[in-house]
Amino acid sequence: MTAGHHGPAWLAAYGLSGTLSDPPMGPLSDAGWAQLIRSARAQQLSGHLMRAIDDGALQVTPEQQEQATDVHLSVTTETLAVEKSFVETAGALAAAHVDVRVLRGPVLAHLDYPDPGLRPYHGVHLLVHSADISRAVAVLLANGCARSAAGPYGGSSLRLGKGAALISPAGLRIDLDHTLAPGSLGLRVNRDQLWQHPGTVLVVGGVSITTLDAAQRFLHICYHAVLDQSTSRLVALRDVAQKLLGTAPETAAVRTVAAAWRAEAAMATAITWAWRALRLADVLALSAWAHDYRIDPRDERELVAFAGPGGTSAPGPWAEAMVAPRLRDKAHYLVALARDRRFGVDPTPGRGVAS
Amino acid sequence: MTTQELAEVAVDPAHDVRYTRDERVLWRRTVGAVHFLSPMRPGVLTLYGAGAALWDLLREPCTLRRAAALLAARYRVPIDTVSHDIEPILEELTSQQILRRIEPA
């Protein structure tokens, strides 16, 4: 399994302490610039590009500066639209007394980066109790959302992936997850524990919403960095480094949760990839641990099986059960499939959550 | 502007109308600009240059006069000129529900 990212690693590493990556000598040729600006947009790195230009670290022509500004404004506008959907969704669920935890984009942007403009995001991801998923879907349908034609994980339903997917009135995707990773990985996440230790209260657009605790949140970032094989892999690796080099969670707490969820392989892979891709020289307790960690081939096969666009590959329930590394996991997984049907989940692929 | 002169335009919540950011507004800062989603109209509203600097000031409630004084010091122009320029901006942003007007206590 390899990181397989494409794009300007120096840009993803820009501003991180301890990176050995330097911006290229500018101004770039037309072809070089076209490739950079395309990658900056695709990899959600336009904020770093603007900062590198503003700092004078990357020399650009006036035309290139204008183009970078336009791209970043476009990305910023898209993110604000997603953030509006996030606020409306969180507000509607709060009003209906559906307990949620905010995941991914808004948390990273507002809590982990020094400026939220450095971390654009595309989707709304909320953690909902398994037992509340159907009710949450009903609330959002009543608020003008529609069911997503494809489920969040390969057109399948709750049993195959992590939750349910809807489309907001503005046409943006909303994922309601009940765990933090697909398939057998997600089943090893202690779902009760996710709700027992609330994290920070994030206030966005006047709406207050709670995050996961710091250790759980870091592991979720790691899952995403390893399993998401979309074009935005570099920004996911930047998230891992940003968290560890900035508002780092307590090492002992992270290791404890990773051991309990048997998520060490995902965490070690994510950290190793981030350190390698972003050419980070600083050695931290967790980067040293990740460097020394030997991944069991069965765990690696499991990660490969669930890696896909958006970190959401859904190979099918039997295949998922078979890639679970241990016999106990296979049995646990199949039992959980039966249990999740009790929460109103239509098991037919593509049908999503039954209302 | 000296510290003494700034002190003379200190905020008095008991007597002054103040302005601050509406916490419901979604916004992003970019180099030299601030972009907002206005609750009152579709699309993104952008403030550039001194307008963006005004937004930075309004992290905390501030009177027109004090905001004008701080911007005048920064851009080296007379307070009255700045005050004249930013008053309609404050009113417009308030009507767009991007700023909140706080009446004297």
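I start with a definition, since I want to read strand partners: two strands pair if DSSP finds at least two bridges between them. I also keep in mind that this is a predicted model.

**Entry 1: the sheet of chain B.** I looked up F36(B) first. F36(B) stands opposite L45(B), a residue of β4(B). I then checked the strands around this pair. β3(B) and β4(B) run antiparallel and are joined by five bridges.

**Entry 2: the interface.** I moved on to chain B against chain A. I count eleven residues of chain B in contact with 21 residues of chain A. The buried area between the two chains is about 1,300 Å². Carbon and sulfur atoms give 71% of that area. Which residues of chain B lose the most area to chain A? I noted L26(B), R28(B) and V31(B), which together account for 51% of what that side buries.

I then searched for charged pairs. The rule finds one salt bridge across this interface. The side chains of R28(B) and E83(A) form a salt bridge at 2.7 Å, N to O. I also looked up polar contacts between chain B and chain A, and the count is two residue pairs. On the side of chain B that touches chain A, the elements giving two or more residues are β2 (26-30) and β3 (33-37) of chain B. β2(B) gives the most, with five residues. By type, I sorted that side of chain B into five nonpolar, two polar and four charged residues.

- A cis peptide bond joins G26(A) and P27(A), with omega about -10°. I placed P27(A) in the loop between α1 (9-13) and α2 (30-42) of chain A.
- R104(A) is not a glycine, yet its phi is positive, about 60°. R104(A) lies in the loop between β1 (100-103) and α5 (105-112) of chain A.
- R279(A) also has a positive phi, near 50°. I found R279(A) in the loop between α12 (264-277) and α13 (285-292) of chain A.

Note on methods:
Residues numbered from 1 in each chain as written. Chains lettered and ligands numbered in written order. Predicted model: local features only at pLDDT ≥ 70, side-chain atom pairs only at ≥ 80, totals over all residues. Heavy atoms only, no water. Contact = heavy atoms within 4.5 Å. Buried area = accessible area lost by both parts, 1.4 Å probe. Salt bridge = Lys/Arg side-chain N within 4 Å of Asp/Glu carboxyl O. Polar contact = N/O pair within 3.5 Å; in protein donor to acceptor, adjacent residues only side chain to side chain. Helix = DSSP H or I, 4+ residues; strand = E, 2+ residues; numbered from the N terminus. Nonpolar A, V, L, I, M, F, W, Y, C, P; charged D, E, K, R; others polar.
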